Amino acid sequence: MTSPPSHLWLNALLEALQFVQSTWLSALYALGITDDSHGAPSWPWASRIAGENLVIDVSLARQFAWMLAAIAFALLCLTIALFRRRAWRWLTAAAIGALALAPWPSPSLWLTAAVPTSFHTSPTGFTVQSIARGARVYAAQCAACHGADGRGEGPLAGTLRRWPPTMASALLSRRADGELFWHVLYGMRDEQGVTMPGFLGRLSDREVWAALDYMRVLSASAGMAAGGSWPVPIALPSVAVKCANGADRPVEAWRGRQRVRVVAVDAAHPPPFEDPRFLTLLIRSDTAQTPTAGIRKVSAASERKPANVTPLFGTRADCIADSPEAWQVFAQIAGTSSSALAGTEWLADRDGWLRALAPAGRRGWADGGLMCTTTTALPDGDTTAPRDPLTATLRQMDDDPVRFVKGGFVH
């Protein structure tokens, strides 16, 4: 019998550790043992289990899992021994043997420094509006050191004792949201002194969370510029959606039910035809106008069918992002300029993760890369593989979902 792939059991382990620590914190807060910090329960200890280390080192994660299994077995034996007096010697010996044989990795490997907000989560919802607000905060407060492109090469970077890290990496995914929040507010230090100043009193909690949202978009943008891919998967930003044939709705209403295709359209790139394999969301550079006007433009485009197109293709998509900031946000995610965005397409999976990008000027999805995978491409000669590149991409998205827990991505 073969064991499950490492990403399956590792993901289950990380989720269990996150659940146990979060539940324990909630219990402490309910009992009044710990206070709150910045509106949520405060983690009372200086350390926590480092899920991000277990993601990086699978061997360490395996040792840690066996250690937990040995401890659980020993506790079970001792519990049974309390009720079965005649077998208590054998049960105690089994417990001691399990603990003796278990691997005991050094605590310095699976524990990491914690802060009061380690288990806090962002309240913003990762919206287009929050990302746009964060862009303004970043430009005013962070770009001087971290650089406008997030690569750590700002004009003041050379004056710092430690060079700022680049965001064109998995840096943000390897840190819990609450700890990033804490470090922005209170700064960072090492043995020699301050390595990053804090912004407490200069930025509100809301501004810090917004800046972190923007940094995730900036990470995707810097990754596209550096290597043509996102260093980590990025969520489909939340935005209000207006459709000509229905009530307004948030994009979250589509999450969990259907894949989403996002398409940047303009006069030269009309809305595509609807496709039953996904829901289509249009973004336009002129949505600063009233939402109704934007919908009318989309509907009008559906009436202007090219001469070589028959009604068999159906109607054109008419759901549009109701935010003037969506165009710029998606341009950054694509790693391109606003003027070159029209014609770009993205695919988001059913869980709301952006998974694939087809830049403007490329036909179909033959060149559209799938981001964040744990499996290899379909083997050559696989007769079950769909021949349509788009269908193949959708199938791979469904077969290989993003596996994410606080502290890191398994991919």
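Mentor: Axes are lines fitted to C-alpha atoms, for helices over the stretch in contact, and angles run from 0 to 180 degrees between N-to-C directions. Helices (H or I, at least four residues) and strands (E, at least two) are DSSP runs, numbered from the N terminus. This is a predicted model, in which local features need pLDDT of at least 70 and side-chain atom pairs count only at pLDDT 80 or more, while totals for chains, interfaces and linings use all residues. Residues are numbered from 1 along each chain as its sequence is written, and side-chain values use heavy atoms, with hydrogens and water left out.

Trainee: At what angle do helix α3 and helix α4 pack?

Mentor: Two packed helices are described by the angle between their axes and the distance between the axes. Helix α3 spans residues 58–83 and helix α4 residues 88–101, and their axes lie 8 Å apart. Angles over 145 degrees count as roughly antiparallel, under 35 as roughly parallel, 65 to 115 as roughly perpendicular and the rest as oblique; α3 and α4 are therefore roughly antiparallel to each other. Their packing angle is about 170°.

Trainee: How many residues of the contact of α3 with α4 are nonpolar?

Mentor: Contact means heavy atoms within 4.5 Å, and the residues making this one include Phe 73 and Cys 77 of α3 and Trp 88 and Thr 92 of α4. Ala, Val, Leu, Ile, Met, Phe, Trp, Tyr, Cys and Pro count as nonpolar, Asp, Glu, Lys and Arg as charged, and the others, Gly among them, as polar. One residue of the contact is polar and none is charged, and the nonpolar residues number 14.

Trainee: Is strand β14 buried or exposed?

Mentor: Buried means under 20% relative accessible area, exposed over 50%, and partly exposed in between (1.4 Å probe, protein chains only). Six of the six residues of β14 (residues 353–358) fall in one class, so the strand is largely enclosed by the rest of the structure: they are buried.

Trainee: Which residue stands opposite Leu 354 in β14?

Mentor: Two strands pair if DSSP finds at least two bridges between them. Strand β13 (residues 345–348) pairs with β14 in the antiparallel sense over four bridges. The residue opposite Leu 354 is Ala 348.

Trainee: Which residue takes a positive phi in the hairpin of β13 and β14?

Mentor: The hairpin has four residues between the strands. The phi in question is near 95°, and the residue that takes it is Gly 352.
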